[in-house]
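Hi everyone, thanks for coming. Let me put the structure up, and then I'll walk you through a few parts of it.

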Amino acid sequence: MSTPYYVSPEQIRQDKEDFVRRGITQAKEVVVLEFRDGLLMVAENPRKTTFKISEIYDRIALAAAGRIAEYEALRVAGIRESEIKGFRYYREDVTAKWLTNLYSQHMGAVAQAWDAKPLEIELLVCEVGTTDTSTNSGIQRNQIYHVAFDGIYSEEEKYAVIGGRATTITEILEQNYTDGLEMSAALRLITETFQTVEADTENDYEITPETIEVACLEHTAERRKFRRLSTDEVSNLWRLGASL
Amino acid sequence: MLDLDDYGTSDFLQILKRRHPELLAMSNSSDAVSSAHTPEPSLRSYEGTTVLAVVYNAGVVMAGDRQATEGYQVGERRIQKVYPVDRHSAIAVAGAAGPCIEMAKLFQVEVEFYEKTEGMSLSLEGQANFLSHLVRSNLGFAMQGLIVLPLFAGYDLKRQRGRIFKYDAVGGRYEEDDYYAIGSGGKDARATLKKRYTPEITRQEALEIVAEALWDAADEDIATGGPDLIRKIFPTLYTITEEGVAEIPEVTVEELYRELISRL
């Protein structure tokens with residue numbers, strides 16, 4: 001019998017991280033940003049039916065950078081678990097924190113399994129805050145959780161970015177972000193940031209209403225706070241933002 | 001832990017049946033009927049309700065009274081019998097209150113679950129057909145007297161008009177072109193609708209005849225509640241149009257009734 005190779009846990013972890021990083025660095029970015037009425041989510045995504053941002057439950061949305069197929073499975077699983085929990089207890093009992101933990105446990109388990117490939121994906125789990133003080137969740141603020149491929153997650157404030165050039169984009173947002181932006185101003189901030197980053201690259205890629213995917217969670221909405229904006233709506237906001 | 005095995009299905013009911021059968025009284029009802037003694041079915045006594053739907057030129061009005069009865073007693077004065085399902089449909093229920101509310105809730109979750117997982121709404125026809133399965137799965141309970149009979153209405157975006165579907169206890173699905181009313185006061189409401197209804201009526205006309213039909217049903221049927229001007233409890237009315245489902249504000253419903261009473 002041959003002696004098995006010894007590979008240190010640090011090495012295994014590093015290998016997996018390198019493997020995932022190679023995929024994620026190519027992924028286009030998604031930005032979630034707090035604006036006056038909730039959370040605005042914008043992704044660089046010219047496709048019209050394959051989305052990177054989607055509705056999970058009444059107050060909760062999910063955004064991802066990485067492999068679409070892996071995102072899709074997590075998205076549907078999230079909707080399913082949320083609906084089951086909401087059906088069993090009460091709709092308000094479904095929270096982003098709970099959902100983030102579910103994703104975190106799953107992604108962590110997959111990343112640690114010796115015979116499985118880690119998920120090449122990063123998630124942002126978002127929940128819009130409430131102005132209604134009668135809710136039993138006790139949480140009024142907007143929440144953004146960033147879940148890495150290995151399930152490690154962090155709570156972000158005001159804005160969060162995932163994707164290849166997340167660090168650069170975060171740096172730009174740090175300088176330009178202000179509280180209480182209108183939706184059109186928030187959209188303008190994000191698209192200008194995308195444009196700045198794209199301008200640094202070789203190819204002359206232009207950000208237009210057709211090349212981005214936009215959705216929002218508005219605390220002013222009825223039960224289902226999530227709304228996907230059509231290209232027309234984005235164009236209108238775009239014009240509004242440009243005239244500011 | 002997340003279970004990714006259920007990825008393929010957009011059917012919430014299937015998932016509940018497999019993973020949480022204890023949450024579904026309905027799906028176990030066929031067992032119940034085989035083991036329990038079957039009392040003389042007196043289905044009518046459980047249908048203490050009037051709910052109705054009327055097609056008008058921009059969509060459909062759906063409405064229901066607010067009273068729940070326990071035998072000869074008033075069980076509840078403010079119960080909801082009409083529930084919005086998605087942006088373009090609503091369900092009204094007649095029958096045993098508990099199973100009725102469960103069916104309406106499950107149906108709403110099912111349609112929303114489909115919409116979110118598939119990324120598009122379930123067609124009105126698809127919703128009507130699915131409801132047929134739900135009613136049939138309640139057959140065991142229905143045989144023991146815990147019947148649920150829904151009325152389903154919505155705005156069909158493809159056909160550009162309001163549509164109404166009624167059901168029988170075994171899940172038979174029938175479409176009505178103009179109007180329909182079910183529950184213990186259903187027949188009385190239908191009599192009024194039959195006299196007052198004309199095709200292509202306006203929204204206001206539809207609201208007026210709906211209010212009058214519910215008034216007549218409450219007048220003839222002890223298990224249907226009329227407008228309660230002292231407690232300010234009024235029937236619930238919804239319109240469903242291309243723009244969506246909208247509840248008629250209580251003040252407007254009160255006005256409708258004050259106007260109706262002044263004409264009596």
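Let's start in chain A, where E6(A) and E7(A) form a hairpin with five residues between them, and A:Gly151 in the turn has a positive phi of about 90°. Before going on, please keep in mind that this is a predicted model: local features need pLDDT of at least 70, side-chain atom pairs count only at pLDDT 80 or more, and totals for chains, interfaces and linings use all residues. Residues are numbered from 1 along each chain as its sequence is written, while chains are lettered from A and ligands numbered from 1 in the order in which they are written.

A word on names: helices (H or I, at least four residues) and strands (E, at least two) are DSSP runs, numbered from the N terminus. Strands pair if DSSP finds at least two bridges between them.

How many residues of strand E6 of chain A are buried? Five of the five, so E6(A) is largely enclosed by the rest of the structure. Buried here means 20 or more other C-beta atoms within 10 Å of a residue's own; exposed means 12 or fewer, partly exposed is in between, and C-beta atoms are placed from the backbone. A:Gln143, A:Tyr145 and A:Val147 cover one side, A:Ile144 and A:His146 the other.

Over to chain B. Five strands form an open antiparallel sheet in the order E5-E6-E7-E8-E9. Strand E5 (82-86) and strand E9 (173-176) of chain B each have a single partner strand, so one side of each is left without a neighbour in the sheet. E5(B) and strand E6 (residues 89-95) of chain B pair over four bridges, and B:Tyr83 has B:Ile91 as its bridge partner. Helix H3 (residues 97-118) of chain B lies across E5, E6 and strand E7 (148-156) of chain B, at about 15° to E5(B). For such angles, axes are lines fitted to C-alpha atoms, for helices over the stretch in contact, and angles run from 0 to 180 degrees between N-to-C directions.

The other five-stranded sheet of chain B is open and antiparallel, ordered E10-E1-E2-E11-E12. Four bridges join strand E1 (residues 51-56) of chain B to E10(B), and B:Leu52 has B:Ala181 as its bridge partner. Helix H6 (residues 186-196) of chain B lies across E1 and E10 of chain B, at about 160° to E10(B).

How do the chains meet? 14 residues of chain A are in contact with 13 residues of chain B, where contact means C-beta atoms, placed from the backbone, within 7 Å. H2(A) gives the most to the side of chain A that touches chain B, with ten residues.

Finally, which residues touch the most other members of the largest nonpolar core? Of its 146 residues, they are A:Met41, B:Ala53, B:Val54 and B:Val210. Such a core is a set of buried Ala, Val, Leu, Ile, Met, Phe, Trp, Tyr and Cys residues joined through C-beta atoms within 7 Å. Leaving aside neighbours within four places in sequence, B:Ala53 has contacts including B:Val60, B:Ala92 and B:Tyr180.

Notes:
Two residues are in contact if their C-beta atoms, placed from the backbone, lie within 7 Å.
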